[in-house]
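Visitor: Please show me how to read a model of a protein, feature by feature. I would like the general idea and then the case at hand.

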Amino acid sequence: MNEKGNISIHTENIFPVIKKFLYSDNEIFLRELVSNAVDATQKIKRLSSLGQYQGDLGDLIVDVAFDEKAKTITISDNGIGMTADEVKKYINQIAFSGATEFVEKFKEAKDANEIIGRFGLGFYSAFMVADKVEIQTLSFQEGAEPARWVCDGSTSYEITTGSRATRGTDVILHINKDSEEFLDKSRLQEILEKYGKFLPVPIRFGTRTNSEPDGEDKDGKPQYKTIEVDNIINNTHPAWTKSPSELKDEDYLAFYRELYPYSLDEPLFWIHLNVDYPFNLTGILYFPKLKENFEIQKNKIKLYSRQVFITDEVKDIVPEFLMLLHGVIDSPDIPLNVSRSFLQADSNVKKINAHITKKVADKLAELFKSDRKGFEEKWKDISLFVKYGMLSDDKFAEKAHDFCLVKNTEGDTYTLKEFAEKVKDIQKDKEGNIVYLYTNDVAQQDSYIATAKERGYDVLVFDSPIDSHFVGYLEQKSEKTQLKRVDADVIDKLIQKEESKKLVLTEEESKKTVEVFEKAINRTDMKVHVEPLSEHELPVTVTIDEFMRRMKDMAQTGGGMNFYGSVPDNYKVTVNGNHPLIKRILSGEKAEEQEQLAKQAFDLALLSRGLLTGNELTNFVKRSVSLIG
Ligand SMILES: Nc1ncnc2c1ncn2[C@@H]1O[C@H](COP(=O)(O)OP(=O)(O)OP(=O)(O)O)[C@@H](O)[C@H]1O
């Protein structure tokens with residue numbers, strides 16, 4: 001047999017186009033060829049189990065080898081092999097038409113990066129690194145003749161009788177000048193591990209040396225000998241391919257270490273995904289302990305398709321709020337060879353997204369129900385997922401409402417429903433609104449917290465960056481409920497129970513009070529008001545408006561309200577007109593004396609807020625000494 005021919009494809013010279021745009025990602029040739037070899041071994045296994053192949057299966061294996069001198073890389077399998085006709089059909093037509101399609105798609109894509117790495121180029125990708133590709137193959141069919149196919153990436157090929165004596169296929173790549181980096185043991189090992197670590201058929205890459213115990217020496221010390229063993233790249237039965245009932249906690253933890261050998265922490269818990277309708281999806285998602293800098297924890301989920309690694313950029317497949325999870329997702333239904341914009345619109349991807357969200361919510365609900373104490377202990381680590389999820393996904397929020405926890409300054413933990421129930425009478429204002437008080441800094445807002453507690457109010461602790469957004473969300477979703485930071489106003493105003501008290505000052509005295517304080521304070525960012533509070537309240541309180549502060553907080557944590565980020569802080573100075581000190585100030589004879597007292601009362605208010613620093617603090621201490629002296 002000796003046949004030369006031309007491959008009929010529409011686009012002449014597709015190779016330069018492919019080479020140019022896949023250059024940075026050309027290592028995928030090995031993924032493609034090894035997966036083809038794995039497929040071929042799985043096909044023969046299937047035929048054998050169906051009784052369509054009676055021969056001996058042998059140990060199914062894929063071998064990868066390289067020859068630095070001959071400049072070749074060879075991928076061999078003992079799979080089904082191909083007859084000469086099949087080579088023509090599958091390689092000349094399917095493989096090359098796949099490549100043509102790639103180029104067509106590429107023309108439509110706006111950005112080359114969109115498709116690079118997402119397009120399984122199949123067999124044709126061999127030409128990214130080789131200027132000649134040779135196939136030696138022998139079909140499993142009885143009486144089949146070995147076939148050899150050679151092609152240099154152009155549209156002409158040659159088929160002759162081959163030399164392979166056993167069932168299976170060798171693909172021999174004659175590596176081109178630009179790709180000699182691949183003729184290197186550690187480089188190939190690295191690529192094989194990256195893409196093939198969990199392939200279902202053993203991948204052997206030469207041998208490696210192992211050290212084994214070898215009795216004892218004459219002094220009774222253990223001896224070791226080195227032996228050559230097959231260098232098998234993969235674990236053919238990774239945890240996610242097993243049924244959850246087969247796995248114990250140790251197995252999940254061991255698999256976590258297999259995935260992330262450098263991770264020091266153990267995951268908090270995990271979810272085993274197993275769906276076969278309406279799409280196929282398996283996987284294990286782990287909830288990690290969050291680190292301060294959680295940006296670096298992103299992109300840890302690995303996406304596989306039938307145990308072949310595809311990518312760790314799962315942005316469109318996993319809901320964004322779950323991007324901090326770790327683990328593996330394996331689905332043959334996720335289209336891998338299309339552009340990202342297509343992926344977003346794909347209905348399977350949407351369903352997968354919704355399914356993962358539901359599974360995660362169910363798992364959290366189950367953990368909360370079965371072990372509330374354990375859940376509360378983990379809350380610190382998972383609250384970010386849950387709150388982010390609630391903010392970004394309504395369906396998740398609906399479920400999370402039952403297990404989202406809030407904590408008060410006493411360290412007591414409540415579900416949202418429990419908390420609403422607890423405060424609904426005592427923290428109701430005269431309009432019938434329920435007011436949740438919260439602090440974002442227990443130490444700094446201590447005096448405000450103490451005042452609120454004296455009234456029997458609960459103060460919630462919302463001190464993580466996401467809380468500035470969560471506060472607004474909670475207010476929106478809870479009926480007739482307002483959230484106010486505990487230092488947003490004086491306590492009587494935060495939860496206004498009754499009509500304002502009567503002011504003991506005359507209008508004239510009120511005006512005078514404002515004047516004295518404004519002069520004493522002498523700051524444009526402090527606006528002075530006189531309010532009729534109880535005489536037992538502090539004479540002066542400094543607060544910052546809830547709305548403005550919240551907007552600023554959100555701007556700081558990337559809430560898209562950048563305008564507020566640049567607005568300076570504006571404080572409200574509330575002078576308690578009913579406090580005896582005010583009368584004392586007004587009755588002072590000298591303006592200087594009035595001002596000193598006003599300044600002192602104001603500094604005390606600043607001090608309790610942690611706002612008195614530097615020179616101002618030194619002056620305050622000096623003035624205090626002279627006042628008591
Ligand atoms: N090692 C092999 N043994 C037997 N048949 C093979 C082998 N490699 C390739 N083939 C045949 O050639 C065909 C074309 O391979 P190619 O990799 O281009 O496409 P594919 O595997 O069908 O799809 P994909 O783009 O996902 O890789 C395969 O479908 C298979 O029938």
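Guide: The scale counts C-beta atoms, placed from the backbone: a residue is buried with 20 or more others within 10 Å of its own, exposed with 12 or fewer, and partly exposed in between. Note also that this is a predicted model, in which local features need pLDDT of at least 70 and side-chain atom pairs count only at pLDDT 80 or more, while totals for chains, interfaces and linings use all residues. Residues are numbered from 1 along each chain as its sequence is written.

Visitor: Where is Leu 290 found?

Guide: Leu 290 sits in the loop between strand E11 (281–287) and E12. Helices (H or I, at least four residues) and strands (E, at least two) are DSSP runs, numbered from the N terminus. The protein has 20 helices and 22 strands.

Visitor: Which residues is Leu 290 in contact with, leaving aside its neighbours within four places in sequence?

Guide: A contact is a pair of residues whose C-beta atoms, placed from the backbone, lie within 7 Å. With neighbours within four places in sequence left aside, Leu 290 is in contact with Leu 324, Asp 381 and Leu 384. Asp 412, by comparison, is 122 residues from Leu 290 in sequence, and their C-alpha atoms are 22 Å apart in space.

Visitor: What share of the 629 residues in the protein do buried residues make up?

Guide: Buried residues are 36% of the 629. As for contacts, take those with a separation of 6 or more: 70% of them join residues 24 or more positions apart.

Visitor: Which residues touch the most other members of the largest nonpolar core?

Guide: A nonpolar core is a set of buried Ala, Val, Leu, Ile, Met, Phe, Trp, Tyr and Cys residues joined through C-beta atoms within 7 Å. The largest one here holds 93 residues, and Val 34, Ala 126, Leu 173 and Ile 284 touch the most other members. Helix H2 (residues 28–49) gives this core its largest share, nine residues. At least three residues come from each of domain 1 (2–205) and domain 2 (239–374), with domain bounds taken from an automatic or database domain assignment.

Guide: Leu 173 shows what membership looks like: not counting residues up to four places away in sequence, Leu 173 touches Thr 72, Ile 73, Ala 126, Val 129, Ala 130 and Val 133. Another core, of 25 residues, lies apart from the largest one and includes Ile 434, Val 459, Phe 462 and Leu 483.

Visitor: At what angle do helix H18 and helix H19 pack?

Guide: Axes are lines fitted to C-alpha atoms, for helices over the stretch in contact, and angles run from 0 to 180 degrees between N-to-C directions. Helix H18 (residues 580–587) and helix H19 (residues 591–609) pack at about 155 degrees, with axes 8 Å apart. H18 and H19 are therefore roughly antiparallel. The classes are roughly parallel under 35 degrees, roughly antiparallel over 145, roughly perpendicular from 65 to 115, and oblique for the rest. Leu 581, Arg 584 and Ile 585 in H18 meet Gln 594, Leu 597, Ala 598 and Ala 601 in H19.

Visitor: Please give me a second pair of helices.

Guide: Helix H9 (residues 372–392) and helix H13 (residues 467–477) cross at roughly 50 degrees, and their axes come within 10 Å. That angle makes H9 oblique to H13. Lys 387, Met 390 and Leu 391 of H9 make the contact with His 469, Phe 470 and Tyr 473 of H13.

Visitor: What is the phi of Lys 71 near?

Guide: Most residues other than glycine have a negative phi. Lys 71 has a phi near 55 degrees, which is positive. Lys 71 is in the loop between strand E2 (62–67) and strand E3 (72–77), and counts as partly exposed with 17 C-beta neighbours inside 10 Å. Arg 306, not a glycine, has a positive phi of about 50 degrees. Arg 306 lies in the loop between strand E12 (301–305) and strand E13 (308–311). Arg 306 has 17 C-beta neighbours inside 10 Å, so this residue counts as partly exposed.

Notes:
Two residues are in contact if their C-beta atoms, placed from the backbone, lie within 7 Å.
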